[in-house]
Amino acid sequence: MGEDWKKPLGPDSTHRRMPLVTLVRTFGGFKMSTPEARQDRLLATLDPLALGKSSLPSPPQSDMYYMQEEVWGDQEPLSKIPFKILSGHDHVVSSCHFCVDDTKLLSGSYDCTVKLWDAFNGAVEREFEHGPEAPVVECSVSADSRRVIAASYDKTVRAWDLETGKMLWKISHDNFIVSCKLSPDGKYVVSGLDVDRGICITDMENVTTVAHVKDHHQRSLTACCFDPDSQKVASVSLDRTIKIWDVTSQATLLTIPKAHANAISNCCFTFSGHFLCTCSWDKSLKIWNVHTGEFRNSGACVTLMKGHEGSVSSCFFARDSSFLISGGFDKTVAIWDITEGYRKLALKGHKDWVMDVAISSNKNWILSASKDRTMRIWNIEEIDEIPLVIKQRKAMGLKVQQCEGCDKPFSIFESDSSSEIFTQCVFCRMEAQDLLEDSLSQSEGDSNS
C-alpha cells in the first residue's frame with residue numbers, strides 16, 4: 001500500500017498563481033472520497049496544525065536496522081541529557097512503550113508494522129507477523145509483557161504473543177479505531193471508535209465483546225485507557241469531555257464537560273488510579289482527582305501550562321507519580337514538576353511532532369516516538385544535577401521537601417509561608433481537599449435531615 005499514505009493533500013496544479021498554503025486550505029477538502037482519502041483525513045485529524053505537510057524523505061536503507069548514535073550524545077549544551085536515536089520505521093512512529101522489565105521497547109508505525117526492540121543496543125528484534133494492512137494508530141502491551149495488541153486504520157485490532165511473535169487473533173470493527181489499550185491485568189482490550197463515538201470492551205482470552213457503548217461522546221474519541229485496577233475506562237474526545245466508565249456496572253461514573261478549551265488529545269492514570277492527566281490542543285495538561293468515593297462533576301484540578309508551543313499529543317506519569325512527561329507538536333518532550341506545576345526541562349531534538357511518550361519503571365529513561373520516523377531514548381538519571389535544571393530551580397526559588405502525607409520528595413517555593421504547602425505534595429493536598437468537601441457535604445446533609 002506504501003506510497004498512498006505519503007501523498008500530501010491538495011491539488012496538483014492551478015491556473016492562477018497563488019501561495020501553496022492558500023491552495024491547500026482552499027482545495028484540500030475536495031479530494032475524492034475513496035477509502036485511501038478517508039484514511040488520509042483520519043491521519044490528518046491527529047495533526048490539527050499539519051495541513052498540507054509533505055511526507056518526509058525516506059531514510060537510507062541498509063541490510064539491518066541500526067541506531068544512528070553509537071555513543072550517548074548531549075541534547076543541548078546546558079541540559080546534558082544523553083540520548084540515542086532509534087531508526088527502523090519507514091513512516092511516522094505513532095506509539096511506543098517500555099516492556100519486559102525495561103529491557104525491550106515496543107513501537108507501532110504508519111508503515112503498517114509493530115516492532116520489538118532491544119532497549120540496550122537499539123536493534124529491532126522482531127516485526128510481529130501478519131501485521132496490519134494500514135497504518136498502526138496505537139499499540140499496547142500488558143503489564144506482564146506477555147501480550148501485545150495494535151489497532152490500525154484497516155479497522156482491525158490484532159493480538160500477538162510477545163515472546164514468540166505469533167498472532168493470536170484479529171477482530172474487525174465497522175468503524176475506524178482511533179485508540180486501543182490493554183488492561184493492566186491483560187484480561188480486556190478497550191477500543192475507541194470514530195463514527196460510533198464510543199468504546200468497545202473485548203475479552204482478551206475468548207475474543208468476545210463485553211460491552212459496546214455507542215454515542216459515549218458527542219464527537220469522535222481521541223484516546224481511552226484503563227485504570228491500574230483494570231476496572232474503569234477513561235475516555236477523551238474532540239468534544240472536550242472526560243468520561244470514566246465502570247467495567248463491572250457498565251455505567252458512566254464521572255463526566256467532566258468542557259474540561260479543556262480545545263479538543264482533548266490523550267489521557268493517562270497515575271499508577272495509584274486516583275488521578276487522571278489529560279492533554280489538549282489548547283497547549284495545556286490538567287490533572288484531575290477521580291478517586292473513588294463520591295464522584296463529582298468537577299474534580300479538583302491542577303493545570304500545567306507554558307510547557308509546549310503547540311498542541312500536546314501525549315502524556316505519561318512516572319510510576320511513583322513524582323513527575324510527568326508530555327510530547328507535543330513543537331517537537332519537544334516536556335518533563336514536569338507536578339507539585340509546583342512548571343516545566344522542569346524540555347528535551348529537544350526530534351525533527352517533527354512527538355506522537356507518544358513513555359517512562360521506564362525505574363524512572364531513569366524516557367522514550368519518545370515521532371513523526372520524523374524515529375524514536376529517542378533519553379537518560380534522565382542525573383536530571384536534577386544538570387546545570388539547566390539547577391539554574392531554573394534557583395531562579396524560581398525552589399527547594400525539595402519530604403511530604404508528610406506520602407513521604408515522597410516534592411518541590412516548594414522557599415518564599416512560601418503556608419504551612420500546608422510546606423508539608424504536603426500536590427496529590428496529598430488534593431485528596432485532603434476532597435475529604436474536607438465530603439465532610440462538609442455530609443455535615444450539611446445531617447443538619448438538613
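User: How many bridges pair β18 with strand β19 (residues 251-256)?

Analyst: Quick heads-up: this is a predicted model, where local features need pLDDT of at least 70, side-chain atom pairs count only at pLDDT 80 or more, and totals for chains, interfaces and linings use all residues. Residues are numbered from 1 along each chain as its sequence is written, and side-chain values use heavy atoms, leaving out hydrogens and water. Strands are DSSP runs of E with at least two residues, helices are runs of H or I with at least four, and both are numbered from the N terminus; two strands pair if DSSP finds at least two bridges between them. β18 and β19 pair in the antiparallel sense, and the number of bridges is five.

User: Which residue of β19 is the bridge partner of D246?

Analyst: β18 and β19 make a hairpin with four residues between them, and Q250 in the turn has a positive phi of about 55 degrees. Across in β19, the bridge partner of D246 is A251.

User: And in β18, which residue is the bridge partner of K232?

Analyst: Strand β17 (residues 232-237) runs antiparallel to β18, joined by five bridges. Their hairpin also has four residues between the strands, with R240 at a positive phi near 70 degrees. The β18 partner of K232 is D246.

User: Why is β18 largely enclosed by the rest of the structure?

Analyst: Buried means under 20% relative accessible area, with exposed over 50% and partly exposed in between (1.4 Å probe, protein chains only). I242, I244 and D246 are buried on one side, and K243 and W245 on the other. β18 (residues 242-246) is largely enclosed because the residues that are buried number five of five.

User: Leaving aside neighbours within four places in sequence, which residues is I383 in contact with?

Analyst: Contact means heavy atoms within 4.5 Å. With those sequence neighbours set aside, I383 is in contact with I81, I335, L345 and V389.

User: What percentage of the chain's residues are buried?

Analyst: The chain holds five helices and 32 strands. Out of its 449 residues, the buried share is 54%.
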